Amino acid sequence: MTQSARTRLESYIARLESDGSRLTIDADTHISDPDSSAFNRRPSGLLSPDDYFHGKPISAEDLIKSMDAAEINMSLVWQNPAVTDYVGDPDADYNTLFAANRYIAESADRYPDRLLPAGWTDPRALGVDGAIRLAEFCVNEFGFPIVKINPAQNGFPIDSEHVLTVVDGIVGLGAVPAFHFGADTEFTPASGLRVVAERIAPNPIIAVHMGGGGAGYVQAEETYHAARRLGLELDNIVYIESAKRETHIETDYLTYEAKGARANTRICCASDAPYGLQIWNFAGHRALLAQHFTSDVAQKYLGGNAARCYASACRSVLR
């Protein structure tokens with residue numbers, strides 16, 4: 001591990017273990033390099049240059065402005081797959097995803113008090129060896145304690161052998177594997193998440209969206225319930241509440257809080273920016289939590305849990 005990576009991890013541990021219980025942290029945001037070729041690409045038929053479209057990219061600076069408006073102290077950031085153009089060649093696609101990860105690292109260098117960087121790899125586009133090599137670079141060179149894989153966007157089962165091999169590599173680095181876990185495709189069922197979580201236990205796994213993602217509400221219902229049950233059964237699953245129906249988010253909070261510290265430390269608030277607006281999502285999270293809990297309990301979900309999860313991941317990598 002490079003000294004700069006070690007220094008990054010140590011600085012985040014110091015900040016989060018000192019102030020984490022008081023911070024509001026968005027645990028799922030995507031930023032992109034405004035100089036990349038895909039950043040300014042626009043679908044046809046927009047009403048104006050400012051018209052929103054799904055996955056419309058934002059830069060680190062755009063995110064900071066959004067965070068200020070939403071009164072968010074820090075955001076966990078990773079690349080935006082909508083701005084990552086693959087060409088079908090593993091070497092070229094490696095370079096593309098490498099550049100997206102490098103922008104995360106450079107952004108974290110510019111805003112160390114606002115951004116918590118995390119990596120991203122892809123065993124389908126890069127191949128297993130390439131995916132592991134990129135994960136190693138993310139951890140050992142960039143100092144990312146978390147590395148994400150997106151089976152839904154990249155089109156492979158979450159519990160397939162090549163994914164499990166890459167997960168083993170991530171865990172072997174001391175880092176925490178994260179997954180898009182939603183009902184929006186057949187690639188991320190709760191049964192698949194179970195396979196991965198049980199394989200690496202007691203090491204943690206982060207499941208982003210807690211069964212939500214881009215699925216329709218009715219279609220997602222079964223996965224919502226399965227995700228809630230699975231997280232109560234397996235202690236190493238950390239859920240990020242983003243891109244999910246608010247009525248089920250409310251049930252998640254109530255159910256997990258009732259189970260005590262074994263469960264209620266493993267859920268984090270998030271927006272999925274730019275797929276979701278921070279100011280909208282965090283206004284909702286705050287109002288919902290205030291209806292049911294004291295401010296101390298609410299703050300745990302608004303940032304304390306994410307701070308502990310990230311700091312713990314940093315310590316694991318350093319070990």
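1. His 285. His 285 sits in helix α11, which covers residues 278-292. Helices here are DSSP runs of H or I with at least four residues, strands are E runs of at least two, and both are numbered from the N terminus. At a relative accessible area of 4%, His 285 is buried. The classes are buried under 20% relative accessible area, exposed over 50%, and partly exposed in between, with a 1.4 Å probe and protein chains only. Leaving aside neighbours within four places in sequence, His 285 touches Glu 241, Ile 249, Tyr 253, Cys 269, Ala 270 and Leu 302. Contact means heavy atoms within 4.5 Å. Tyr 256 lies 29 residues from His 285 in sequence and 15 Å away in space, C-alpha to C-alpha.

2. Basis of the model. This is a predicted model, in which local features need pLDDT of at least 70 and side-chain atom pairs count only at pLDDT 80 or more, while totals for chains, interfaces and linings use all residues. Residues are numbered from 1 along each chain as its sequence is written, and side-chain values use heavy atoms, with hydrogens and water left out.

3. Overall fold. The protein chain has 12 helices and nine strands. The C-alpha trace spans about 50 × 50 × 40 Å along its principal axes.

4. Burial, contacts and surface. Of the 319 residues in the protein chain, 56% are buried. Take the contacts between residues at least 6 apart in sequence: 78% of them join residues at least 24 apart. The accessible surface of the chain comes to about 13,000 Å². Carbon and sulfur atoms hold 51% of that surface. Areas come from the Shrake-Rupley method with a 1.4 Å probe; for residues, only the protein chains shown count as cover.

5. Largest pocket. The volume is about 400 Å³. A pocket is an open set of points on a 1 Å grid over the protein atoms alone, with protein on both sides within 12 Å along at least five of seven lines; lining residues have an atom within 4 Å of a point. Grid points are joined across faces, edges and corners, and a volume is the space filled by probe spheres set on the points. The lining has 22 residues. Nearest the centre of the pocket are His 54, His 180, Gly 214, Asp 272 and Tyr 275. By class, the lining divides into six nonpolar, 12 polar and four charged residues. Ala, Val, Leu, Ile, Met, Phe, Trp, Tyr, Cys and Pro count as nonpolar, Asp, Glu, Lys and Arg as charged, and the others, Gly among them, as polar.

6. Cavity. The whole structure holds one cavity of 30 Å³ or more. A cavity is a set of grid points where a 1.4 Å probe fits but cannot get out. The largest cavity has a volume of about 60 Å³. β8 (237-241) and α12 (295-318) are the elements that give two or more residues to its lining. The largest share, three residues, comes from α12. The lining consists of Ala 27, Leu 76, Ile 146, Ile 206, Val 238, Ile 240, Cys 268, Ala 306, Cys 309 and Tyr 310. By class, that is 10 nonpolar, no polar and no charged residues.

7. Cis peptides. A cis peptide bond joins Ala 201 and Pro 202, with omega about 5°. Pro 202 lies in the loop between α7 (190-200) and β7 (205-211). Another cis bond joins Ala 273 and Pro 274, with omega about 5°. Pro 274 falls in the loop between β9 (267-269) and α11.

8. Positive phi. Glu 71 is not a glycine, yet has a positive phi of about 55°. The residue is in the loop between α2 (60-70) and β2 (74-79). Glu 71 counts as exposed, at 59% relative accessibility. Met 210, also not a glycine, has a positive phi of about 50°. Met 210 belongs to strand β7. At 0% relative accessibility, Met 210 counts as buried.

9. Ser 107. Helix α3 (residues 90-110) contains Ser 107. Ser 107 counts as buried, at 0% relative accessibility. Beyond neighbours within four places in sequence, Ser 107 is in contact with Ile 31, Ala 60 and Leu 115.
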